[in-house]
Amino acid sequence: MRNPERIDSFVDVIIPTYVRAVIIICWRLRLDYLDAFDSIVENKEVIREFWKENPDLRFSQVLICLELLPNIPGFWYYMEEDEILNILKLK
């Protein structure tokens, strides 16, 4: 079981940065999912509460379960929170 205490700090730090990073990836791949990312920021508290109820999910899995992000295959889907923070140089 993943530690649920990681959720609050991750959500507070990562959402704006992560969303920008995924937008850039989608733009480079010419995917039409940019509208979904605005709703990620708008639903920060929904994300937090759902994730606390399902702490074993990864961040990307939470976004897909809440239908805030389409299920786009890729490496990012399986990334742990600490990997995301390291890549974005937030840890």
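Are Trp51 and Phe59 buried or exposed? Both residues are buried. The views below come from a predicted model.

**View 1. The whole chain is built from helices, with five helices and zero strands.** Along the sequence the pattern reads α-α-α-α-α. The chain has 91 residues, and 37% of them are buried. Its accessible surface comes to about 5800 Å². Carbon and sulfur atoms hold 54% of that surface. Take the contacts between residues at least 6 apart in sequence: 58% of these join residues at least 24 apart.

View 2. Helix 3 (residues 44-53) has the highest confidence, at a mean of 96. Helix 2 (residues 34-42) has the lowest, at a mean of 76.

**View 3. Phe10 and Phe59 form one of three aromatic pairs in the structure.** A ring pair is described by the distance of the centres and the angle of the planes. Here the ring centres of Phe10 and Phe59 are 5.2 Å apart. The planes meet at 70 degrees, so the pair is edge-to-face; the cut-off for that class is over 60 degrees. Phe10 sits in helix 1 (residues 6-29), and Phe59 sits in helix 4 (residues 59-65). The pair therefore ties together parts that lie 49 residues apart in sequence. Phe10 has a relative accessible area of 3%, so this residue counts as buried. Phe59 is buried as well, because its relative accessibility is 0%. The cut-off for buried is under 20%.

**View 4. Trp51 and Phe59 form a tilted aromatic pair.** Their centres are 5.6 Å apart. The angle between the planes is 40 degrees. Which residues do ring pairs link into a cluster? The cluster consists of Phe10, Trp51 and Phe59.

**View 5. Ser60 is a buried residue of helix 4.** How much relative accessible area does Ser60 have? The value is 0%, so Ser60 counts as buried. Leave aside residues up to four places away in sequence, and Ser60 touches Tyr18, Trp76 and Tyr77.

Key
Residues numbered from 1 in each chain as written. Predicted model: local features only at pLDDT ≥ 70, side-chain atom pairs only at ≥ 80, totals over all residues. Heavy atoms only, no water. pLDDT = per-residue confidence, 0-100. Helix = DSSP H or I, 4+ residues; strand = E, 2+ residues; numbered from the N terminus. Buried < 20%, exposed > 50% of the residue type's maximum accessible area, 1.4 Å probe, protein only. Contact = heavy atoms within 4.5 Å. Areas by Shrake-Rupley, 256 points an atom, 1.4 Å probe, with all protein chains shown as cover. Phe/Tyr/Trp six-rings, centres within 6.5 Å; stacked < 30°, edge-to-face > 60°.
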